[in-house]
Amino acid sequence: MKIGVFVCHCGSNIAGTVDVVRVAEAAKAMPEVAFASDTMYACSEPGQDGIIQAIKDKGLDGVVVASCTPRMHGPTFMRTVARAGLNPYMFEMANIREHVSWIGKDKEANTRKATDLVKMAVAKLAQNRPLFPSSFSINKRVMVIGGGVAGIQAALDCAEGGLEVLLVEKTTTIGGKMAKLDKTFPTVDCSSCILGPKMVDVAQHPNITLYANSEVEEVFGYVGNYQVEIRKKATYVDWKTCTGCGACMEKCPSKKSPDAFNEHVGRTTAINIPFPQAIPKKASIDRDSCTKFKTGKCGVCAKICPAKSIDYEQQDEMVTEDVGAIICATGYDLMDWTVYGEYGAGRYPDVITSLQYERLLSASGPTGGHIKRPSDGKEPKTVVFIQCVGSRDKSVGRPYCTGFCCMYTAKQAILTKDHIPDSESYVFYMDIRAPGKMYDEFTRRAMEEYGTQYVRGRVSMVYPKGDKMLVRGADTLAGTQVEVEADLVVLAVGAEGAKGSPQLAEKLRISYDSYGFFMEGHPKLKPVETNTAGVYLAGCSQGPKDIPSSVAQGSAAAAKVLGLFAKDQLQSDPQVSKVDIKRCVGCMKCAMTCPFGAIKELEHRGEIKAQVIETVCQGCGICTSTCRQGAIQLQNFTDNQILAEVNALLQSELEEA
Amino acid sequence: MSSRLRYAYYPGCSALGTSKEYDSSTRAVCEALGMELVEIPDWSCCGSSPAHTVDHRLSCALAGRNLALAELMEDVSAILTPCPSCLTNLKTASAKLKKPEFAAEVNKLLDRPVRATLPVKSVLQAIHEDVGPDAVRPKVFKWLTGLKLAPYYGCIMNRPPELMAFDDHENPVAMDQLMDAVGAETVSFPLKVECCGASYGVARRDIVENLSGKLLDLAALNGAQAMVTACPLCQMNLDLRQDQINAANRTSHRMPVFYFTQLLGLALGLGEKELGMNKLSVSPHPVLAGIESVGTAGKGARQ
């Protein structure tokens, strides 16, 4: 075999602490190396051209590039090698940047280590065999999980692009958090007026199937060919016949049921439609509040329903759907602010969350858009907003900035003045973070035109004093302590990943962080992809975002799916496990350890053998280390290849001794 | 927990002077509840407020001497102190002495080495956790029905939470539950853990007049007839200085400020003299006279 070795300077990234010329010289002496040189930037166009030229001039059979991480540039160089006419798997990479030059300053030691890594790569490459991908067809349907604004946008864009879309939403209506907002910043336009038409589009689009009140139970398969089990939760109303007339809501006797859509500032009926613009506009029964379910007596809704849609016996229903890609847009939840003992930990009715305040401001909210404080229904004249409740606060485990609280607080302060002209608003803040288009101008308007008092400092304590809430805090610009007697206190509560995100992430086999947000493929260059092919992210499921960013990411995820589905066939990665049928004794230990369910039993001449489903195999290699016979081998990482690497390394150890 | 509750008792300096009634009522209540308090022989100052501002080793040595003396006592499960300030010092020293190098430095200053293995608790914590409100209830001799109290814990009984490890540091409830158990009514009092001004009473009386004034104002506003405390310094600021506070803030509070042990003792049927009711500056008698004498529990504290 004729192997070529290219040692990259990476500017001073590698050459600064590794003697790359010496590494290249040493490579020349390695077995089967026919050519070795150092190169300034191997990944640059002239760098790649140099590799191609050398392959052609020297008739090389394989190439080792000693440079940076294969995660970043492995695919780049595999394409280079392929352009020169070699099989792309006749290529190995030695990571002498992250593993050597960036972590040590001793040039002598670094040079030795880099040489060892190159030696290992050469030894492995000498054992490489050409690998060829196989093709498989894809199912051009997409599932969007989460019907908030990001999910709606992604679903509509995919549907407009001609794809069949399944939109799975766990609550009884789509719209998500945006549907709960009264107005949006910085334009102060009505939230449901701009979202409503999009929600209707979802309902009417011929390519979109909406699964409301449904949750993803299980996900099997791989990119292009996923099978999804969806649980359609019982609503105790037949949605096929329910017309959404609302007669049941009018007559339902249990009128004090918890109202999740109104963030529990209002009460609703046990059978209800969450809000007038709900999509689908269908009633459902909250069985924890329903008298019929609790005592067996009542049944008023069944008697009154003109469409005879009430069905107290309804059960959850399981549906299996096949899709080729999944967009995850499950959004966020407010962090549990009742950990803040100093703000009353949920004990004071007149200390509410920002989202509860939105419902008080909203014309479709429990107070009809009149701001009334929860304790006595009085109109507040002094409202205090406290920012960063559960944002940028390590003490409650939320060190990150949620990013949209500064803006919605400014909006709520402006709206407060609009609703109650003789009111006063105070905002206790740490910094104002308003980096979007027209954002800083907006917060300034809150201060300058609407006279909102911005006080830079933390609030140490909120407590009731008579019928007022006393807010005690610091003004760190004036260097004094301040006390404000407020009628209502609104906490700008920070965001965390939606409840249940970790469980969903495990079903989708994607990563999530300690705050419940899903991890993108690369923080900069793969913002909507995940590390699982065919699964994409949109909106706040990836991190807190405002509406414009959520919509943009929804469209971006849709574009990724459309791009994926532009091909009729996908190629599978040939770096998968393969069974040597002669060696396999059919113990199926490999199948037991495979986390992806990629190994099935095969009957071969009357004997049980293991067989790898190539498209499901992720190339992790667990089966390889399990097999006592050495019968199952991960292609490109066979036992022989790994042993060759170890031998190459130990050989140099022996020489040093 | 052994069936016999036996503790090393550390009264602290204020128990000998400004808060004799806290000490005497503590001893009496503990006896009535079956808790045996054995005073640590030859105990000395815990270091109080000044020592730790001067030298951490000295401060820990002062507290450590008392810890070491308690360790010599037989068959005691914990060190109890009524005073939150002593509690802080003893607990801080116990925590710091866990570091061997530091402990070695401190031991150089002591006659005998300290191991700091005995747990340190406030009397409030011991009554609440080792006896408990449910065990107090059947021993009530006289229900304190109709007595509306603002429970006030002071700023250091529960804080810092990692060190004190007792109750909720923003909204403690131990004293509330004990008062409820003897029939008194606790009003909502959100300033439970606010500062009373502490020892600023000496240097900057205006600070105490301001901070303690707020406490009295809110207690009165929320309908309390009296306050109930667990700290000698808080009690002194609120009770002894109440006239000064009234004069500075143009208020006219006549708010008795009890130690929780005094009210527990009263409910358990102990004598007013034993409980030191006569030591309070603001007379508690108008308030105590208002307690409805609805039935007695029959059993009584001393069976």
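In the predicted model described here, A:K177 lies over the face of A:Y332, at 5.0 Å from the ring centre, where a charge is taken to sit over a ring if NZ of Lys or CZ of Arg is within 6 Å of the ring centre and within 35 degrees of the ring normal. A further contact of this kind places the charged end of A:K124 over the ring of A:F637, 3.8 Å from its centre. Because the model is predicted, local features need pLDDT of at least 70 and side-chain atom pairs count only at pLDDT 80 or more, whereas totals for chains, interfaces and linings use all residues. Side-chain values use heavy atoms, with hydrogens and water left out, residues are numbered from 1 along each chain as its sequence is written, and chains are lettered from A and ligands numbered from 1 in the order in which they are written.

Rings of Phe, Tyr and Trp (its six-membered ring) are paired if their centres lie within 6.5 Å, and planes under 30 degrees apart count as stacked, over 60 as edge-to-face and the rest as tilted; over all chains, this rule gives 18 aromatic pairs. One of them joins A:Y400 and A:Y515 in a tilted arrangement, with 4.6 Å centre to centre and 55° between the planes. A:Y400 lies in the loop between β21 (382–389) and α13 (405–419) of chain A, and A:Y515 in the loop between α15 (501–508) and β29 (535–537) of chain A, so the pair ties together parts that are 115 residues apart in sequence; helices (H or I, at least four residues) and strands (E, at least two) are DSSP runs, numbered from the N terminus. With a relative accessible area of 15%, A:Y400 is buried, whereas A:Y515, at 25%, counts as partly exposed (buried being under 20% relative accessible area, exposed over 50% and partly exposed in between, with a 1.4 Å probe and protein chains only). A:F404 and A:Y408 also form a tilted pair, at 6.0 Å centre to centre and 40° between the planes; A:F404 is buried at 5% relative accessibility, and A:Y408 is buried at 8%. Elsewhere, ring pairs link A:Y236, A:F293 and A:Y312 into a cluster.

Between the chains, the contact (heavy atoms within 4.5 Å) takes eleven residues from chain A and eight residues from chain B. Across this interface the rule finds two salt bridges, each requiring a side-chain nitrogen of Lys or Arg within 4 Å of a carboxyl oxygen of Asp or Glu. The side chains of A:R472 and B:E194 meet in a salt bridge at 2.2 Å, N to O.
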